Amino acid sequence: MENYRFYLPIEIRYGDLDPQGHVNAARYMTFVEHARIAYLHHLKLWDGGSFLNIGIILADAHFIYKAPIQWGQDIRVGTRIDRLGNKSFDMVHIIEDVEKNQILASSATTLVTYDYHADRAILIPDHWRKTITNYENLDA
């Protein structure tokens with residue numbers, strides 16, 4: 001598909017379904033959030049401790065729904081960072097059917113690096129910038 005190095009498999013639970021029998025649209029945000037945290041953990045930018053120490057806050061999120069997701073469908077979320085600013089970065093995601101190689105939804109999010117204790121935006125830490133730049137092959 002597209003240029004994603006990180007994928008997170010998602011198991012569709014019965015409780016993810018709405019009365020129409022497909023995955024409720026609100027769950028897509030949860031799937032992307034789960035993939036975002038797994039991505040940060042994969043890159044060792046978060047150790048699994050307090051969420052107050054992750055250092056990011058969601059500023060914007062957009063979704064495009066292309067096809068419904070059904071119970072039992074084998075899906076995964078592709079996640080990557082495609083822009084690093086001074087205090088923010090953009091993550092893009094695709095939710096895809098693994099068997100059909102079909103994109104079911106896409107998402108773009110903007111996250112701000114944030115100091116929860118001081119209650120303010122901060123510069124992207126240098127080690128985050130270096131790790132992400134190397135992993136995603138971004139221009140420095």
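Here is a short tour of this structure, one selection at a time.

Before you click, know that this is a predicted model, where local features need pLDDT of at least 70, side-chain atom pairs count only at pLDDT 80 or more, and totals for chains, interfaces and linings use all residues. Residues are numbered from 1 along each chain as its sequence is written, and side-chain values use heavy atoms, with hydrogens and water left out.

**Stop 1: the core.** Select Phe31, Tyr39, Leu40, Ile69, Ile75, Phe89 and Ile95: they have the most contacts inside the largest nonpolar core, which has 33 residues. Such a core is a set of buried Ala, Val, Leu, Ile, Met, Phe, Trp, Tyr and Cys residues joined through side-chain atoms within 4.5 Å. Buried means under 20% relative accessible area, exposed over 50%, and partly exposed in between (1.4 Å probe, protein chains only).

Now colour the elements that give two or more residues to this core: β1 (6-10), α1 (25-42), β2 (56-65), β3 (75-84), β4 (88-97), β5 (102-115) and α2 (126-136). The largest share, seven residues, comes from α1. Helices (H or I, at least four residues) and strands (E, at least two) are DSSP runs, numbered from the N terminus.

**Stop 2: Phe31.** Zoom in on Phe31 and show what it touches: Ile10, Ile12, Asp16, Val23, Ile69, Ile75, Val77 and Ile95, leaving out residues up to four places away in sequence. Contact here means heavy atoms within 4.5 Å.

**Stop 3: two positive phi angles.** Jump to Asp119, in the loop between β5 and β6 (120-121). Its phi is near 60 degrees, a positive value in a residue other than glycine, and Asp119 is exposed, at 56% relative accessible area.

Finish at Asn137, in the segment after α2. Asn137 has a positive phi too, near 55 degrees, and is exposed at 62%.
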